[in-house]
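Here are a few notes to read with the structure open beside you. Take them one at a time and find each residue as you go.

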Amino acid sequence: MNDIKLALLGSEGAGKSAVLVRFLTKRFIGEYASNTNSLYHKRLSIDGRQLNLEVFDPCSQSEESRCILEEPLDWADGFVVVYTISDRRSFLNAKNILAQIKESRRETCKGEVPICLVGNKQDLCHSRQVSEEEARFLAQENKCLFQEVSAAENYLEISNLFTKLIRHVMEQLKHRGDRRRYSGSKSMAKLINNVFGKRRKSV
Ligand SMILES: Nc1nc2c(ncn2[C@@H]2O[C@H](COP(=O)(O)OP(=O)(O)OP(=O)(O)O)[C@@H](O)[C@H]2O)c(=O)[nH]1
């Protein structure tokens, strides 16, 4: 069984939980408790391989999430960076987050860091503030996957995107061998105790 660890990052209200819950349950739930960090857990089968998926969905508002760009950067195998197409500030924040991921992995990760940039709330395109071209260009610069989606309206695009990201993570883990298993398990214990406050969710 392969363990795959993903972290969701992005501005408050960008739709991180909505995107993740859409992927995990196929459903859109309008409102989520946003005052807690959550660790979602799900078993999946991709390309005939059984996977143990863990996804960290941080609370943007909590004190704890201040360390979000420290521990999870080491813990996660891949990242989903979410912005809202109708909120330029969330896009600029996503740009910042991509730079921080790259910086933190510069020394430890020889290949590409598996990341997908997600432009959420595509259904709000009448109030668009970020063009698809600009976001695609940012994704190309950072060598990450990119897709505009609507967690409110679509499942398939989100599902395909996560599947591509997980495949990319599996490729990277093959190259990284045992290194991650060692440091990953140390980070995990620390993360659960110090950051997540032992909250875990199975979907
Ligand atoms: N119109 C529209 N609204 C969405 C979409 N996705 C999420 N929302 C709404 O955006 C708001 C924020 O969504 P969340 O999923 O809680 O966002 P988040 O990034 O997890 O927020 P924090 O937990 O505060 O960091 C909620 O009111 C959602 O219903 C979407 O695709 N379209």
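1. Start with Arg 88 and Glu 134, which form a salt bridge whose closest N and O atoms are 2.5 Å apart. Keep in mind as you look that this is a predicted model. Arg 88 sits in helix 3 (residues 88–105) and Glu 134 in helix 4 (residues 132–141), so the pair ties together parts that are 46 residues apart in sequence.

2. The structure holds six salt bridges, so let's pick another one. Arg 128 pairs with Glu 148, with 2.8 Å between the closest N and O atoms. Arg 128 lies in the loop between strand 5 (115–120) and helix 4, while Glu 148 belongs to strand 6 (residues 145–148), so this pair links parts that are 20 residues apart in sequence.

3. Check the surroundings of that second pair too. Arg 128 has a relative accessible area of 32%, which makes it partly exposed. Glu 148, on the other hand, comes out at 1% and counts as buried, because anything under 20% goes in that group.

4. Glu 171 is partly exposed, with a relative accessible area of 39%, and Lys 174 is exposed at 53%.

5. Go back to helix 3 and look along its length. Helix 3 has 18 residues and reaches 26 Å from its first C-alpha to its last, close to the 26 Å expected at 1.5 Å a residue.

6. Which residues of helix 3 are buried? They are Ser 90, Phe 91, Ala 94, Ile 97, Leu 98, Ile 101 and Arg 105. These residues cover an arc of only 115° around the axis, which puts them on the same side of helix 3.

7. Last, look at the start of helix 3. There, a side-chain oxygen of Asp 87 reaches to within 3.1 Å of the backbone nitrogen of Arg 89.

Conventions: Residues numbered from 1 in each chain as written. Predicted model: local features only at pLDDT ≥ 70, side-chain atom pairs only at ≥ 80, totals over all residues. Heavy atoms only, no water. Salt bridge = Lys/Arg side-chain N within 4 Å of Asp/Glu carboxyl O. Helix = DSSP H or I, 4+ residues; strand = E, 2+ residues; numbered from the N terminus. Buried < 20%, exposed > 50% of the residue type's maximum accessible area, 1.4 Å probe, protein only. Expected span 1.5 Å × (residues − 1). Arc of directions from axis to C-beta. Polar contact = N/O pair within 3.5 Å; in protein donor to acceptor, adjacent residues only side chain to side chain.
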